[in-house]
Amino acid sequence: MVDRVLILAMALAGAGMLLALIRLLRGPNIPSRAVALDVLTLITMPVMVGLAITSGRVIYLDVALVYGILSFLGVISLARYFDQGV
Amino acid sequence: MKRLGLFLFITAALWLFWLVFVGNLDPQEMLVGAVAAALVTLLRSGQPCLLENVNFLNPRRVFMALAYIPYMIWAIIVANLDVARRVVQPRLDINPGIVRIKTRLKNPVARMILANSITLTPGTLTVEVSGDDLYIHWIDVHAQDSEAASREIAAGFEKYLEVIFG
Amino acid sequence: MAALDIIGALLVLLGSLFLFLGALGILRMPDLYNRMQTGTKATTLGNMLTLVGLGLLEPAWLPKICLIILFVLITNPLSSHALARAAHRAGYPLAAGSVTDALREDEQAGGIEPGSTACQVRDPGSDPQPEVAE
């Protein structure tokens, strides 16, 4: 039963990723795309943790954390680019 | 004496993070972590520290700081349900705008926590800070007047932060 | 043990529902700032709930998962605030249906120091026209 609920939850998260991806492709401007990228990261992190639990590999938790850190740096550098051009 | 206390506090916090990351209690890992934490703390000791002027040993402040966490979680949940309700309605029920609010807090750390708390609750987003004023993007503006908006958005957090940072 | 599993699974389900709603919001909202409201922050609660639920399914990993939650809690407001501030300084307008923009008014009145690149859109190539409310 737990497995089925997990599959349903991952499907919901995957649908959310698809919606964020549509926004990422449609734009219409760069900050909107950056927001979509941020949301995509926020959804991907729990999916990665779920993957870590179903596959039983603790190393994926670190992958999720590093992924979050990289995305945070990316958004911050984009914001700096808008503010003063790199 | 105070500097030593701060040094030990930061080192201990960093060491704790190291141990959680490593995930086991092997003596080698613990030793390397302690050395690395002390080294990082030494490297940053020349810079000003946000915690320098804060006295946490007052029991009333500790109590309020602990009470702030569930209050914050509750605020996040309530605001999230509100935003989720707006999202799923067939006709978008939003009324957005940027309002100016005034904060009573003087301590810079308290102001930072206030701005971050406002941003973390969905529906309000700190866009700019200038002097005593915070400019908030609000998804449902029902008070354009600065004082009414301050009461609505910031007063709940300020009540706690005023006590914590005295 | 079984009770913990069930609570964890329900939390994961609830969290992923919020993740989905956040993504739906980012698709539906009319302008950049409203997208930030629903997108990056409705997903924060979803993220937290999902991670707590997964942590309850695997209690041995809970400390590390709590660290991930703490990281999200600290960085998320920072990045959305930085992006909103930079976008507003670069001159991206609010949606047509917006009520008030006190910041723009104060910048024009000279009350506060405008940003170095205030009031000019930096990437006119994509499409700088204001997005109209649906």
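Predicted model: local features only at pLDDT ≥ 70, side-chain atom pairs only at ≥ 80, totals over all residues.
Colleague: Let's start with chain B. Is strand 3 of chain B mostly covered or mostly open?

Modeller: Mostly covered. Strand 3 of chain B spans residues 133-138, and six of its six residues are buried.

Colleague: Which residues sit on each side of that strand?

Modeller: On one side you have B:Asp133, B:Tyr135 and B:His137, and on the other B:Leu134, B:Ile136 and B:Trp138. Both faces of strand 3 of chain B are covered, with all of these residues buried.

Colleague: Okay. In what sense does strand 1 of chain B pair with strand 3 of chain B, parallel or antiparallel?

Modeller: Antiparallel. Strand 1 of chain B, residues 97-102, pairs with strand 3 of chain B over six bridges. To find the pairing in the structure, look for B:Gly97, which stands opposite B:Trp138 of strand 3.

Colleague: And how many bridges link strand 2 of chain B to strand 3 of chain B?

Modeller: Six, and the sense is antiparallel here too. Strand 2 of chain B covers residues 124-130. For a landmark, B:Leu125 has B:His137 in strand 3 of chain B as its bridge partner.

Colleague: What's going on in the hairpin between strand 2 and strand 3 of chain B?

Modeller: There are two residues between the strands, and B:Gly131 takes a positive phi near 65°.

Colleague: Switching to helices. At what angle do helix 4 and helix 6 of chain B pack?

Modeller: At about 150°, with their axes 10 Å apart. Helix 4 of chain B is residues 108-120 and helix 6 of chain B is residues 155-164. That angle makes helix 4 of chain B roughly antiparallel to helix 6 of chain B, and the crossing is right-handed.

Colleague: Which residues make that contact?

Modeller: Helix 4 of chain B brings B:Ala110, B:Ile113, B:Leu114, B:Ser117 and B:Ile118, while helix 6 of chain B brings B:Phe157, B:Glu158 and B:Leu161. By class, the contact has six nonpolar, one polar and one charged residues.

Colleague: What about helix 5 of chain B, which of its residues are buried?

Modeller: In helix 5 of chain B (residues 146-153), B:Ser146, B:Ala148, B:Ala149, B:Ser150 and B:Ile153 are buried. The buried residues of that helix pack against strand 1, helix 4, strand 2, strand 3 and helix 6 of chain B.

Colleague: Now chain C. How many helices and strands does chain C have?

Modeller: Four helices and zero strands. Of the 134 residues of chain C, 60% count as buried.

Colleague: Last one. Is C:Thr43 buried or exposed?

Modeller: C:Thr43, in helix 2 of chain C, counts as buried because its relative accessibility is 0%. Leaving aside neighbours within four places in sequence, C:Thr43 is in contact with A:Val39, A:Leu42, A:Ile43, C:Leu19, C:Gly22 and C:Thr38.

Conventions. Residues numbered from 1 in each chain as written. Chains lettered and ligands numbered in written order. Heavy atoms only, no water. Buried < 20%, exposed > 50% of the residue type's maximum accessible area, 1.4 Å probe, protein only. Pairing = 2+ DSSP bridges. Axes fitted to C-alpha atoms, helices over the stretch in contact; angles between N-to-C directions. Parallel < 35°, antiparallel > 145°, perpendicular 65-115°, else oblique. Left-handed = near helix turned anticlockwise from the far one by under 90°. Contact = heavy atoms within 4.5 Å. Nonpolar A, V, L, I, M, F, W, Y, C, P; charged D, E, K, R; others polar.
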